Amino acid sequence: MSQVTVTEHLLLHQKKTPMATGRFTSLINELILSAKIISREVTKAGLVDVLGFTGDTNVQGEKVRKLDEFANNVLIHRMRRSGVLCAMASEENGDLIHISGDLPRGDYILIFDPLDGSSNIDVNVSIGTIFSIYRRPLKKTGDKPSMQEVLQSCDKQICSGYFIYGSSTMMVYTTGEGVHGFTLDPSVGEFLLSHEDMKIPDQGKIYSVNEAYWNSWDPATKEVLAHFKSTTNNLGQPYSSRYIGSLVADFHRNLLYGGIFMYPARTLDDGSKGGKLRLLCEAAPMAFLVEQAGGLATDGTQRILDYKPTELHQRVPLFIGSRNDVEKVAEIYTKHQEQK
Ligand code: AHG
Ligand code: MN
Ligand code: MN
């Protein structure tokens, strides 16, 4: 493995990106330190009392696990003091997290899912942290950024990525110049470049979806699944089905092997319809990564990066992965829409 650290890699790339500053590097370094602390705690799960629930319910109506709360607290505590942010948003917090007046501020906005794959925490299955970075719009200088300043079009992200706590701990990120992966070398405590310029195969062999929701899917979604199982698809044979239940882990595998991750809209008991995954802290950062790796991300028909969020915790259906596979999904959805 190379000896190139994330900081060295960023400095190299910053020369090519005139927008980039040393402040951005320090933002990434603070994120890395937070992730190392989270990784350390995740590895100790089972030995110390970090398994199970806190007894609280988060803004999404989900039960909060102790490690969710720990990861969220680490990120908020560290990033608040980084001196380069003007606001943050977390999957676990209902409102924006502002930087109090006594702390130095910058013009970056950080949005994160502190621990993704909560249901896998207690069973030793890979989980992750997802992050997305925007710049505060120019000319806006007031103390607290408004919600409108945070709810920027998803294609305005300047950086996104994830940390995956798996058989090794990795960081995968993009600043719009390709996707690069680093593996934590525990003996030196640094993330070292292990996967430079990652590209997702155009044609996947894997589909990842929670198929237990079959009965709440519309006919177009059912046709999508039938396509991937058929012998008349591009492969000429059924795809393999792999579903971990941690978006980070399912995405990471598909990025390396090729494939499509799907979380389609479901018709719910109350008749409403919608996706589960969060646009700002899950779908958009992954969409930026996948496009930089040569893949695609849509809600079925609309490109995820074209979304302009209307609320902080907006949810969206998600189809993300290999180009041919996502294009096929869009073709099937479009056909069904035209038939209506
Ligand atoms: P989180 O743990 O941050 O709440 O995210 C869980 C997400 C995502 O990681 C995963 O792909 C999906 O929820 C799993 O949902 P289902 O259990 O409905 O399949
Ligand atoms: Mn998540
Ligand atoms: Mn989470």
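Aspartate 113 sits between two metals, bridging the manganese ion (ligand 3) and the manganese ion (ligand 2), which lie 3.8 Å apart. This is a predicted model, in which local features need pLDDT of at least 70, side-chain atom pairs count only at pLDDT 80 or more, and totals for chains, interfaces and linings use all residues. Residues are numbered from 1 along each chain as its sequence is written, chains are lettered from A and ligands numbered from 1 in the order in which they are written, and side-chain values use heavy atoms, with hydrogens and water left out.

## Around ligand 3

Glu91 (OE), Asp113 (OD) and Leu115 (O) coordinate the manganese ion (ligand 3) at 2.2 to 2.3 Å; donors here are N, O and S atoms within 2.8 Å of the metal (3.2 Å for Na, K and Ca), and with water not among the atoms, sites may look incomplete. Along the chain, those donor residues are spaced E-x21-D-x1-L. Glutamate 91 comes from the loop between β3 (85-90) and β4 (97-98) and aspartate 113 from strand β5, so the pair ties together parts 22 residues apart in sequence. Helices (H or I, at least four residues) and strands (E, at least two) are DSSP runs, numbered from the N terminus.

How much of these two is on show? Glutamate 91 is buried at 3% relative accessibility, and aspartate 113 is buried at 0%. Buried means under 20% relative accessible area, exposed over 50%, and partly exposed in between (1.4 Å probe, protein chains only).

## Around ligand 2

Distant parts of the chain get linked here: aspartate 116 belongs to strand β5 (residues 108-116) and glutamate 282 to helix α7 (residues 279-292), 166 residues apart. Aspartate 116 is buried at 5% relative accessibility, and glutamate 282 is buried too, at 1%.

## Helix α8 and its buried face

Over in helix α8, the buried residues are Asp325, Val326, Val329, Ile332, Tyr333 and His336. Looking down the axis, they fall within an arc of 120 degrees, so they line one face of the helix; the arc is that of the directions from the helix axis to the C-beta atoms. An α-helix has 3.6 residues a turn, so residues three or four places apart point the same way.

That buried set packs against α5 (219-229), β13 (260-263), β16 (296-298) and β17 (318-321), where contact means heavy atoms within 4.5 Å.
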